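Trainee: Before I look at the model, could you show me how to read a helix, a domain interface and a set of salt bridges?
Mentor: Gladly; let us take them one after another.

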Amino acid sequence: MEYINSRIDSINFENHQVFIKRDDLLSKEFSGNKARKFYYFLNNDFKDIKKIISFGSPQANSLYSLSVLSKIKNVKLDFYVSHIASFLKENPQGNYKEALKNGANIIEIQKDDLTSQEYVEKKIIKDEKDFVYIEEGGRVKEAEYGIKILAHEINTWIKENRKENLKVYLPSGTGTTALFLQKHLEVEVLTSPCVGDENYLKKQFLQLNSDETKHPTIIKTKKKYHFGKLYKEFYEIHLELLSQTNIEFDLLYDSLGWLTLIASKYFQENEILYIHQGGILGNESMINRYKNKYL
Ligand SMILES: *Cc1c(COP(=O)(O)O)cnc(C)c1O
């Protein structure tokens with residue numbers, strides 16, 4: 001599959017110029033953060049592989065991206081989830097709906113004391129063969145391969161445009177993308193946690209690289225947020241971004257990302273390149289939930 005270097009736009013938000021790396025536009029089916037993280041698997045031979053095994057939320061962006069990957073590679077996808085809400089089962093939408101269309105087997109784990117990860121690792125993959133196992137959200141070392149390519153695209157743009165003082169910002173989940181970007185970028189990477197707090201994010205970085213001097217800079221969020229919960233200010237900044245920039249950003253990561261970025265000193269003091277990591281398909285169900293709650 002042809003891989004296209006995503007473009008960089010200049011936008012204005014809250015009277016500041018910001019550059020946006022448009023990974024949301026990478027390609028029609030395989031785009032955003034998970035496309036970068038799974039690019040290694042896309043680009044490598046699946047000769048004896050018959051199945052991809054993963055786990056996570058039935059609404060996850062990784063579920064959709066893995067379903068695309070399995071379709072392209074002509075292998076099965078078994079994706080384990082702890083629970084599928086009956087509303088979602090009856091009204092499939094977003095990542096869940098599209099993954100089903102791509103033939104994903106979304107398997108609800110029978111009630112058990114184990115976490116999804118423990119269940120898959122202790123009870124499933126032992127009895128399987130010829131599979132690729134991908135941890136939740138693509139927290140795998142193979143992710144470095146595609147993220148390095150992203151870093152090189154940005155390094156080239158920085159040189160061509162003489163932006164050596166610029167800082168790169170992206171919101172983090174597992175922190176895998178931010179960490180590998182910092183490893184391969186020539187400028188400072190800023191990030192903030194969207195899942196858990198800054199201590200959780202630091203631990204994630206340490207698992208991938210014990211050298212703290214190579215870690216991205218963490219900007220703390222103003223308060224504690226729970227991943228996936230609805231916050232009025234998330235919906236408001238999402239709409240504000242849409243009207244000021246004409247770009248749709250994701251509601252789970254980007255809303256908190258932008259709130260945290262614009263409240264930081266970096267937004268005042270530095271030129272910023274913001275990485276749009278896709279995830280727009282997941283907005284459908286979130287927007288329905290926001291409309292039900294606030295309208
Ligand atoms: C998965 C995802 C993230 C988080 O990426 P990590 O590498 O886990 O930090 C951020 N934004 C979007 C849209 C994602 O899908």
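Predicted model: local features only at pLDDT ≥ 70, side-chain atom pairs only at ≥ 80, totals over all residues.

Trainee: Which residues of helix α9 are buried?
Mentor: The general idea is that an α-helix has 3.6 residues a turn, so residues three or four places apart point the same way. Helices here are DSSP runs of H or I with at least four residues, and strands are runs of E with at least two, numbered from the N terminus. Buried means under 20% relative accessible area, exposed means over 50%, and partly exposed lies in between (1.4 Å probe, protein chains only). In α9, which spans residues 198–208, Glu 198, Leu 201, Gln 204 and Phe 205 are buried. Seen down the helix axis, these buried residues fall within an arc of 115°, so they line one face of α9; the arc is that of the directions from the helix axis to the C-beta atoms.

Trainee: What does the buried side of α9 pack against, and which exposed residues does the face turned away from it carry?
Mentor: The buried residues pack against β7 (167–172), α8 (176–184), β8 (189–193) and β9 (217–218), whereas the face turned away carries the exposed residues Lys 203 and Gln 207. At the start of α9, a side-chain oxygen of Asp 197 comes to within 3.1 Å of the backbone nitrogen of Asn 199.

Trainee: How should I read the interface between domain 1 and domain 2?
Mentor: The size of an interface is often given as the accessible area lost when the parts come together. The domain assignment, which is automatic or from a database, gives domain 1 as 8–29 + 141–294 and domain 2 as 39–133. Their centres, taken over C-alpha atoms, are 25 Å apart. With contact defined as heavy atoms within 4.5 Å, 12 residues of domain 1 touch 13 residues of domain 2. The buried area, taken with a 1.4 Å probe and summed over both parts, is about 1200 Å², and carbon and sulfur atoms give 58% of it. Glu 29, Tyr 145 and Leu 281 supply 49% of the area that domain 1 buries against domain 2, more than any other three residues.

Trainee: How many salt bridges are there between domain 1 and domain 2?
Mentor: A salt bridge is a side-chain nitrogen of Lys or Arg within 4 Å of a carboxyl oxygen of Asp or Glu, and between these domains the count is 0.

Trainee: Are the partners Asp 211 and Lys 214 buried or partly exposed?
Mentor: Their side chains meet in a salt bridge at 3.3 Å, N to O; Asp 211 is partly exposed at 28% relative accessible area, and Lys 214 is partly exposed at 44%.

Notes: Residues numbered from 1 in each chain as written. Heavy atoms only, no water. Polar contact = N/O pair within 3.5 Å; in protein donor to acceptor, adjacent residues only side chain to side chain. Buried area = accessible area lost by both parts, 1.4 Å probe.
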